[in-house]
Amino acid sequence: MPIPPAYALVATDLDGTLLRRDDTVSPRTRAALALAARAGARHLVVTGRPVPGIRRLLAELDYRGPAVCGQGTQLYDAGSGRIVRAVTLDREAADTALGKIEAQVGPVHAAVDQDGAEGRTLIEPGYLMPHPTLPAQRTRHRDELWSDPVIKVLIRHPELTDDALAEAARTAVGDLASVTLSGPGTVELQPYGVDKGSGLASAAEFLGVDAGTAIAFGDMPNDLPMFRAAGYGVAMANAHPDLRAAADEVTSSNEGDGVAEVLERVFGRAGAGPGGGPAGQGTARRA
């Protein structure tokens, strides 16, 4: 599938994709995003993080448009500082889903991301945050996780691998929730049918463009729905094997400015396509 010469949207995941290990965006990547903007493309953040976990970062990027947060459960308008669309996970269904998972794999440790621009991340005893820079509040008992509306549940298992836990959870919960693997130690449950693909579609509608005009960048299986909704999917070199197999292209790692590498090539010269040649010379890798 040839890559078109330009895109209306540049959709980027954050952790493991746009961000380096220290939660910063490199000067080269900032410059490449500016290059895309001058060509008429809009940058769209599409992240598993809830709104409170990205506001500071968006401010540092001077990002003023919509952002897809919480695995597609929230559409946040950074310009106005408000959530314009949100989908919550039924708390009774979530508690039931956890019980079904534990009946299959034994005890898990759980956390939740609450709804709202000021929503908290609550973690039950024994749960370890996979991303220590994100704030979290520890509870005394699992029942406290359901004190307020939530957008998603995060689970960890003391022995199973992330892939094994995600597969077991999908089998156990059925249509009670959607299950995704979004990062090391991060298996998540969100409202059934809600994912980064539906979030991208919602943001594209908000902006008045077609989601198929997006070039999307990601690193984990939770980015698969975004790739399916976008026109072209680019996996990072550090990406999960499932995402690399589904991508149209694999670029350098997040530490190696992989996003910038592609954007410079696509937007750097009028009519330039992959490899710096004429548009239409890209090679498809998507299955």
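Okay, let's start in the middle of the protein: the largest nonpolar core has 54 residues, and Val-10, Leu-200, Ile-215 and Phe-267 have the most contacts inside it. By nonpolar core I mean a set of buried Ala, Val, Leu, Ile, Met, Phe, Trp, Tyr and Cys residues joined through side-chain atoms within 4.5 Å. Buried is under 20% relative accessible area, exposed is over 50%, and partly exposed is in between, with a 1.4 Å probe and protein chains only. Helix 9, residues 258-267, gives this core its largest share, six residues. Another core, of 27 residues, lies apart from it, and Val-108, Val-112, Ile-155 and Ala-172 are among its members.

Quick housekeeping. This is a predicted model, where local features need pLDDT of at least 70 and side-chain atom pairs count only at pLDDT 80 or more, while totals for chains, interfaces and linings use all residues. Residues are numbered from 1 along each chain as its sequence is written, and side-chain values use heavy atoms, with hydrogens and water left out. When I say helix or strand, I mean DSSP runs numbered from the N terminus: H or I of at least four residues for helices, E of at least two for strands.

Strand 9 and strand 11 pair in the antiparallel sense over three bridges; strands count as paired if DSSP finds at least two bridges between them. The open sheet has six strands in the order 8-7-6-9-11-10, with mixed pairing. Strand 8 (137-138) and strand 10 are at the edges with a single partner strand each, so one side of each has no neighbour in the sheet.

On to charges. There are 18 salt bridges in the structure, each one a side-chain nitrogen of Lys or Arg within 4 Å of a carboxyl oxygen of Asp or Glu. Lys-152 and Glu-188 make one, at 3.0 Å from N to O. Lys-152 is in strand 9 and Glu-188 in strand 11, so this pair ties together parts 36 residues apart in sequence. Are these two buried or exposed? Both Lys-152 and Glu-188 are buried.

Glu-255 and Arg-21 form another, with the closest N and O atoms 3.9 Å apart. Glu-255 sits in the loop between strand 14 (249-250) and helix 9, and Arg-21 in the loop between helix 1 and helix 2 (27-38), so the parts they tie together are 234 residues apart in sequence. Glu-255 is partly exposed at 31%, while Arg-21 is exposed at 73%.

There's also a network of salt bridges linking Asp-13, Lys-196 and Asp-223.

Last stop, the largest pocket, with a volume of about 750 Å³. A pocket here is an open set of points on a 1 Å grid over the protein atoms alone, where a 1.4 Å probe fits, with protein on both sides within 12 Å along at least five of seven lines; lining residues have an atom within 4 Å of a point. The volume is the space filled by probe spheres set on the points. Of the 43 lining residues, Asp-15, Arg-49, His-131, Leu-134 and Thr-186 are closest to the centre. Helix 1 (14-18) and strands 6, 9, 10 and 11 each supply at least two residues of the lining. By class, that lining has 12 nonpolar, 16 polar and 15 charged residues. Charged is Asp, Glu, Lys and Arg; nonpolar is Ala, Val, Leu, Ile, Met, Phe, Trp, Tyr, Cys and Pro; the others, Gly among them, are polar.
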